Amino acid sequence: VNVVATSVYTVPSDATMWLELPQYALLPGSEFDVPLLAKTEADGESYPLGVWSVVISSSSSLSLDAVSSTMYDVSDSTSQGVTSMAATFKSSYSDQTDALTGDAVEVAVLTFSVDDSASSGTLEDAFEMLVDDMVSISNSKKVDDVSGLVLSRDGFDLTGSIFVEAEFTAGLQVYVTDSNEQELVNTAVLNGESIASTLTKKAIASCHTTGSSSCAESSTSSSVSTGLSCSVSVAALSFSSSCNIILTGDETSGGDEVMVSVSHGSFTRVVQFRVWYPAEVTLSVLDTELNVVTSSCS
């Protein structure tokens, strides 16, 4: 799981409205939310925000999917990466004007998606915003045509960047498959019949949480059958082409701690086996009487 600490920044004293961009990496094809916040203060006095309008420019690698707001009725239109939004407070908040007032009032949430073909790296200047108007509920215009701010991992600025990162293999998991054994008795040296034990090999995918409790990746792990290499600490067993365990009868020893190493890419995992090897073989005869073998031809 990718864990990214969220930096805390102080809102500039002259801020009017700003976008809060995710500070974590985003997968191509994933969705993410961008809160739009407002500071409702002019000339040292706070006011309830009744009407606002903004123009937001975003990267061509991003698409606006939805706009939602709890306290405002919002209309929006997008053309060539430029979104115009205008909003009026909902009548249900006529008696709750305190909710429309504050240093960081969430006036809307914009949901964007990253293009499937977006390359890994930083999308510089991915967002920029013009605050067209901010009007109090008493119809007094407080803000007119000023630059909005964008909060990204670099702090507050007139533009903000986001980071795109492709899914990658974050680890390797190797274990003995159910119903198979980690303690083996090498009878293959006695009867020539091979003994096998299967290992499950899984590549563990990265986990980009996109701000939620689940991963944006389509799967957390996937089986691996190619690109594997394997070795053993003592010559007590052999391997198949996919790094499964085989006792062929060609072994010359066993071991209490037979360490099997399986590698894939830059990752290596070790699974311990115990292999019993017949050191001394004694043949005994259960029936010592040799009888005449009667031929069916007589």
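What follows is a quick tour of a disulfide, a hairpin and some salt bridges.

Keep in mind that this is a predicted model. It holds one disulfide, which joins C230 to C243 with the sulfurs 2.2 Å apart. The link is left-handed, at -90° about the S-S bond. C230 sits in strand β20, while C243 lies in the loop between β21 and β22, 13 residues away. Is C243 buried or exposed? C243 is buried, at 1% relative accessibility, whereas C230 is partly exposed at 27%.

Next comes the hairpin. Strands β10 (residues 121-136) and β11 (residues 141-147) run antiparallel and are joined by five bridges. Within this pairing, M134 stands opposite V143. Four residues separate the two strands, and N139 in the turn has a positive phi of about 70°.

How many salt bridges does a search of the whole structure find? It finds three, and here they are:

| Salt bridge | N to O distance |
|---|---|
| K141 and D133 | 3.0 Å |
| R274 and E183 | 3.7 Å |
| R274 and D256 | 3.8 Å |

In the K141 and D133 pair, K141 is partly exposed at 48% relative accessibility, but D133 is buried at 17%.

R274, in strand β24, reaches E183 in strand β16, 91 residues apart. R274 also pairs with D256, which sits in strand β23, 18 residues away. Salt bridges with shared partners join E183, D256 and R274 into one network. As for accessibility, R274 is partly exposed at 34%, E183 is partly exposed at 40%, and D256 is exposed at 52%.

Conventions:
Residues numbered from 1 in each chain as written. Predicted model: local features only at pLDDT ≥ 70, side-chain atom pairs only at ≥ 80, totals over all residues. Heavy atoms only, no water. Disulfide = S-S within 2.5 Å. Buried < 20%, exposed > 50% of the residue type's maximum accessible area, 1.4 Å probe, protein only. Pairing = 2+ DSSP bridges. Salt bridge = Lys/Arg side-chain N within 4 Å of Asp/Glu carboxyl O.
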